[in-house]
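Take a look at the model below. Keep the sequence at hand while you read.

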Amino acid sequence: QCIADDLAMPLNIIRQNYVFIFDPAPKAFDNYSRTLKEEFHRRVRTIAGSYQYLIQVPSVLDPSANRIWFDFMSHKVCRIVAPFCLFVLFVSNLLNTAWPYQMVLASQIIFYLMAGAGAILASRGGVPRPLSGPYTFLMLNVAASVALFKLVAGTQTHLWEKPRSLG
């Protein structure tokens, strides 16, 4: 079952060399996530769909087979590999004792502490603007990691889960 048909269908159309024509008249409405937990689950599902599409259609990684290759790589692929790159960067900075790497490590730790503080404050009702960037960045990267785990474990469903707050 396709998790992200809203990703797969347009990309499959593009891969068949059809052209999109923009029509500004149609309107789409969506319910927004009312809680951070709902937003996190939405992100996990969306990113799991990106992983699934890459597994099912690896040819999208080939620039000669994907005419929107750069857009796809920069918008989808970079987003889903970022958590692993950040982990490798963090571990390599932990292991390297040269001062420039220790400065980068200190910056990373401060950034992650800011993100953690943002997460704590978000659970209490609001994130101050200086912490919202680090918090959102960390949340998206944790969601990407969770998405891969859920996809590999087979626990990610292709069905949308209606948020409880929309009852």
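Predicted model: local features only at pLDDT ≥ 70, side-chain atom pairs only at ≥ 80, totals over all residues.

Read along the sequence, the pattern is α-α-α-α-α. The C-alpha atoms fill a box of roughly 55 × 45 × 35 Å, taken along the principal axes.

Next, the surface and the interior. The protein exposes about 11500 Å². Carbon and sulfur atoms supply 66% of that area. Of the 167 residues, 25% are buried. Contacts also reach across the sequence. Among those between residues at least 6 apart, 63% join residues at least 24 apart.

Now turn to one helix pair. Helix H3 spans residues 69-95, and helix H5 spans residues 129-153. Their axes come within 8 Å. How do the two helices lie relative to each other? The axes cross at roughly 100°, and H3 and H5 are therefore roughly perpendicular. On the H3 side, the contact uses Arg-79, Ala-82, Pro-83, Phe-84 and Leu-86. On the H5 side, Phe-137, Asn-141, Ala-144, Ser-145 and Leu-148 meet them. By residue type, this contact divides into seven nonpolar, two polar and one charged.

The cysteines come next. A disulfide is a covalent bond between the sulfur atoms of two cysteines. How many disulfides does the structure hold? The count is zero. Cys-78 is in no disulfide, and the nearest cysteine sulfur, that of Cys-85, is 8.2 Å away. The limit for exposed is over 50% relative accessible area.

Finally, look past H5. Gln-156 sits in the segment after that helix. Is Gln-156 buried or exposed? Its relative accessibility is 14%, so Gln-156 counts as buried; the limit is under 20%. Which residues does Gln-156 touch, leaving aside its neighbours within four places in sequence? The contacts include Ile-3, Val-44, Arg-45 and Ala-48. Lys-150 and Leu-151 are in contact with Gln-156 as well.

Definitions and conventions:
Residues numbered from 1 in each chain as written. Heavy atoms only, no water. Disulfide = S-S within 2.5 Å. Axes fitted to C-alpha atoms, helices over the stretch in contact; angles between N-to-C directions. Helix = DSSP H or I, 4+ residues; strand = E, 2+ residues; numbered from the N terminus. Parallel < 35°, antiparallel > 145°, perpendicular 65-115°, else oblique. Contact = heavy atoms within 4.5 Å. Nonpolar A, V, L, I, M, F, W, Y, C, P; charged D, E, K, R; others polar. Buried < 20%, exposed > 50% of the residue type's maximum accessible area, 1.4 Å probe, protein only. Areas by Shrake-Rupley, 256 points an atom, 1.4 Å probe, with all protein chains shown as cover.
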